[in-house]
Amino acid sequence: VIAVVRQPPLHGALDRLIEQIERELGEPLGTMGREQKQRAIRLLNERGAFTVRHSVDLVSDAMGVSRITVYNYLNAMDRS
């Protein structure tokens, strides 16, 4: 008999990361200014949020910005 080890589901993992960032930064992603949103993207990226499928869509919705804006913030981090 072979035991199958399943990883814990990722469902809700991104939501928990977003909530954690909002607590740390002291406000919801959607009400943050541009610099705070960029900081939030950096923190989310450092914590692996963008390895989750459709994460850019979910983060952009939570921030009230376009997907392109999230990609621009990520690309700006790569250049700095």
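This is a predicted model: local features need pLDDT of at least 70, side-chain atom pairs count only at pLDDT 80 or more; totals for chains, interfaces and linings use all residues.
The chain has four helices and zero strands. Reading from the N terminus, the order is α-α-α-α. Now contacts between residues at least 6 apart in sequence. Of these, 44% join residues at least 24 apart.

First topic: α1 and α2. Two packed helices are described by the angle between their axes and the distance between the axes. Here the axes of α1 and α2 come within 10 Å, and they cross at roughly 130 degrees. The crossing is right-handed. Who makes the contact? From α1, we have L17, I18, I21, E24 and L25. From α2, we have Q36, R39, A40, L43 and L44. By type, that contact splits into seven nonpolar residues, one polar and two charged.

Next, α3. This helix covers residues 55-63, and its buried residues are S55, V56, V59, S60 and M63. Why do they line one face of the helix? Down the axis of α3, the buried residues fall within an arc of 125 degrees, so they sit along one face. An α-helix has 3.6 residues a turn, so residues three or four places apart point the same way.

What does that buried set of α3 pack against? Three helices: α1 (13-25), α2 (34-46) and α4 (67-79).

Last item, the end of α3. G64 follows the helix, and its phi is positive, near 75 degrees.

Terms used
Residues are numbered from 1 along each chain as its sequence is written. Side-chain values use heavy atoms; hydrogens and water are left out. Buried means under 20% relative accessible area, exposed over 50%, partly exposed in between (1.4 Å probe, protein chains only). Helices (H or I, at least four residues) and strands (E, at least two) are DSSP runs, numbered from the N terminus. The arc is that of the directions from the helix axis to the C-beta atoms. Contact means heavy atoms within 4.5 Å. Axes are lines fitted to C-alpha atoms, for helices over the stretch in contact, and angles run from 0 to 180 degrees between N-to-C directions. A crossing is left-handed if the near helix is turned anticlockwise from the far one by less than a right angle, and right-handed if clockwise. Ala, Val, Leu, Ile, Met, Phe, Trp, Tyr, Cys and Pro count as nonpolar, Asp, Glu, Lys and Arg as charged, and the others, Gly among them, as polar.
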